Amino acid sequence: MSITIPANISVEQTSKSRIQDVNFNSLQFGTVFTDHMFCCDFKDGKWQDARIVPFGPMTISPAAKVFHYGQAVFEGMKAYKDENGGVFMFRPDENFRRINKSSKRLAIPEFPEDLFFGALHRMLEMDKDWIKPGLGNSLYIRPFAIATQVGVSASAANEYRFYIILSPAQAYYTGEVKVVFSEHYSRAADGGVGFAKAAGNYGAQFYPTNLAKEKGFNQVIWTDSHTHEYLEEAGTMNIFFRIDDTLLTAPTSDRILDGVTRKSLLKLADYLGINAEVKRVRVDEIKQAHREGRLMEIFGAGTAAVISPISAFSHGDETFDLPVLEDSYASMFKQKLMDIQYNRSEDPFNWRHQVC
Ligand SMILES: *Cc1c(COP(=O)(O)O)cnc(C)c1O
């Protein structure tokens, strides 16, 4: 993909970089931001005033519709640096398509492709010193769009702002992840917004997740809202199960987010000759496989942590521990994926996108 930076993106460089103040060896995920951010306003029926400016607070009216009706969508992607200083993104076209799919569902106008990639390229060039080489280091990229029109009437806004902010990240060690299979609360319903990265999907998960935390677990695996018999996904990760040597994962739907990591793992599994089945996964079937000693692994897949192995799950009053494997699919896939992302291996699927 060759990128021309659109001439209508204005750039204001920061007068003083903050990079010297940052300790890159103790970054807390998503708390430190680079020198620049991108904004663009939707007004009078079109996206305009695209600009890269120094990162910092911006004034928004308390009556802006985003605060009242939750018209907000986001994306999560990463940039990586190889040993020669080359900067890469991983399948960024997927994230671009997905934010517009999310926007459409939330009645937010879709964002133009040339501005999205132009802004990303320019910002990554400007802030590339914030990306450290080394496996696990990355720059987390957070594009998002919010309704800025003033007015507390419940209808779609006619003014929006699109932002891109960048946050340096280190390897994201989740530690032991113990999960609860949800029996009461739901994340998404048919016809709803589960497939979208809509802000409200996440806010609604915090309360049930806190209940799980009080019981000593870290996350909830959401089940279908009709029966709670089928395992769907985690809060920000798709979920894979390994029974014997077969991988299982739920099909995407309007309740399940179509993760880039998930679809990349399915491709890799196929490429490596690992049997992977996309099908609805029953809670009972997983418990049964556990009883028979055939449930080898459960892991989450998402951009932030890449792969998160799960060490135990609970359902009802029972807790089921998972074995610690020497040669897990989780660590094998993580290695393969990161080798592609960090330009350490061949890229048979053309997933790597060089920025500079
Ligand atoms: C972002 C997200 C994922 C993972 O998607 P990736 O594209 O792999 O990062 C999975 N589920 C939900 C609910 C998410 O928000």
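This briefing looks at one helix pair and at the ligand's surroundings. The model is predicted, so local features need pLDDT of at least 70 and side-chain atom pairs pLDDT 80 or more, while totals for chains, interfaces and linings use all residues. Residues are numbered from 1 along each chain, and side-chain values use heavy atoms, without hydrogens and water.

**Helices H6 and H8**
- H6 spans residues 260-272 and H8 residues 329-341 (DSSP runs of H or I, at least four residues, numbered from the N terminus).
- Their axes come within 11 Å and cross at roughly 105 degrees (lines fitted to C-alpha atoms over the stretch in contact, angles 0 to 180 degrees between N-to-C directions).
- That makes the pair roughly perpendicular (65 to 115 degrees).
- On the H6 side, Thr261, Ser264, Leu265, Leu268, Ala269 and Leu272 meet Met332, Phe333, Lys336, Leu337 and Ile340 of H8 (heavy atoms within 4.5 Å).

**Ligand**
- Around the ligand sit 16 residues, and the closest are Lys197, Tyr202, Glu233, Thr261 and Thr303 (a heavy atom within 4 Å).
- Lys197 puts a side-chain N or O atom 2.6 Å from a ligand oxygen (polar contacts are N or O pairs within 3.5 Å).
- Thr303 also has a polar side-chain atom 2.6 Å from a ligand oxygen.
- Val260 uses a polar backbone atom, 2.8 Å from a ligand oxygen.

Technical notes: Helices (H or I, at least four residues) and strands (E, at least two) are DSSP runs, numbered from the N terminus. Angles under 35 degrees count as roughly parallel, over 145 as roughly antiparallel, 65 to 115 as roughly perpendicular and the rest as oblique. A polar contact is a pair of N or O atoms within 3.5 Å; within protein, one must be able to donate a hydrogen and the other to accept it, and residues adjacent in sequence count only if both atoms are side-chain atoms.
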